[in-house]
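Look at the model before reading on. Then test each label against its definition.

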Amino acid sequence: MNSIHNKLPSIKQLQCFLAVAEELNFRRAAERLCMTQPPLTRHIKCLEETLGCELFSRNTHEVHLTEVGLKLVEKATCLINEFTLFMHEIKNEKKHLRIGMTRTLNFDNISELGHKIKTLMSEGEIDIQHLTSSQLLHSLSKEHMDIVITGERSLHGEQDFEYHWLSREPLLLVIPSSHSGSLKEKVSLADVANLPLFWFSRNANPVFYDKCEKYFQRLPFLLQRRKEPDDSLMMLSSVARGKGMALMPRSMCTFNQEGLCYRELTDDAAQCLNIDVYAAIRKNETRDVVINGLNSLLGGEFAVPSQN
């Protein structure tokens, strides 16, 4: 038998057939496959033409499998399962690991986590990209990345992703060196309440924004806000000129300029104003290269710290 020249059903046609066979309803099957009804119907019609027989008996109210349709359910299920297993085997053979990291943090300056990332990078072929957390999670959902390291746990995609806590990155207060608060080793927001805070919009990072706002609302005074410039260097220059203050991840506080200083927050503020760093993978991930990569980042059991 020459399988190259024989006209055979496509995988897509068999997937469409099985969806209709299980739902016995074309509308529900189309919704399940995230497609409209007309293309689904065309796939079924093409499959029936290829096989030379009807697979469903239909009237205005009901859909039933024909005798041939019932036989095809078993065959098609077996074929799809075998092909799916084959795809998993191929993926497991691939040793190339694609990792995405949030560009909000400088992992070279986060000692323990940065060391684990460097160790992982030395163990095999790894592709690294630096993007925003939302871009990273989108790439993960599209299977363009295998592991992503994000700042805070996203409110979206909980049903698709598995999150593992890695570390907690403190925020430092960036203030003018001419301000009296710069004389203290640890500074509270009350110490610099006369300075407006350069701040971002909520849609940029809702989880982190809400985390900080929860603390701000507990303050006995109203914190002044000023829109954060897109260019961070422009913002830091404004701080150096006494135009305001900023909160930045410690790993990113590397820019030095006359008139600018970085200070740790007081303990009560530091426990609330921080960034929890997570590694995320797709749920039901089974590839050894991904699981081993995640274990390298975790370095054993990590307990999620309590939230204040």
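Predicted model: local features only at pLDDT ≥ 70, side-chain atom pairs only at ≥ 80, totals over all residues.

Q: Into which domains is the protein divided?
A: There is domain 1 (11–91), domain 2 (100–165 + 276–298) and domain 3 (171–273). The bounds come from an automatic or database domain assignment. The centres of domain 1 and domain 2, taken over C-alpha atoms, are 37 Å apart.

Q: What does UniProt list for residues 9–66?
A: The unreviewed entry gives "domain: HTH lysR-type" for residues 9–66. Such annotations may be inferred rather than shown by experiment. In the model, this span is 60% helix and 10% strand.

Q: What is the volume of the largest pocket?
A: The volume is about 1,300 Å³. A pocket is an open set of points on a 1 Å grid over the protein atoms alone, where a 1.4 Å probe fits, with protein on both sides within 12 Å along at least five of seven lines. Its volume is the space filled by probe spheres set on the points.

Q: Which residues are closest to the centre of the largest pocket?
A: They are T104, F200, A204, N205 and E228, out of 42 lining residues. Lining residues have an atom within 4 Å of a point.

Q: Why is the largest pocket said to lie between domain 2 and domain 3?
A: Domain 2 and domain 3 both give residues to the lining, so the pocket lies between them.

Q: Which element gives the largest share of that lining?
A: Helix 8 does, with four residues. Helices are DSSP runs (H or I, at least four residues), and strands are runs of E (at least two).

Q: Why is T150 called buried?
A: Buried means under 20% relative accessible area (1.4 Å probe, protein chains only). T150 has 1%, so T150 is buried. T150 sits in strand 5. Its side chain reaches the backbone oxygen of E152 at 3.1 Å.

Q: What makes G69 count as buried?
A: G69 has 0% relative accessibility, so the label buried applies. G69 is found in helix 4.

Definitions and conventions
Residues numbered from 1 in each chain as written. Heavy atoms only, no water. Buried < 20%, exposed > 50% of the residue type's maximum accessible area, 1.4 Å probe, protein only. Polar contact = N/O pair within 3.5 Å; in protein donor to acceptor, adjacent residues only side chain to side chain.
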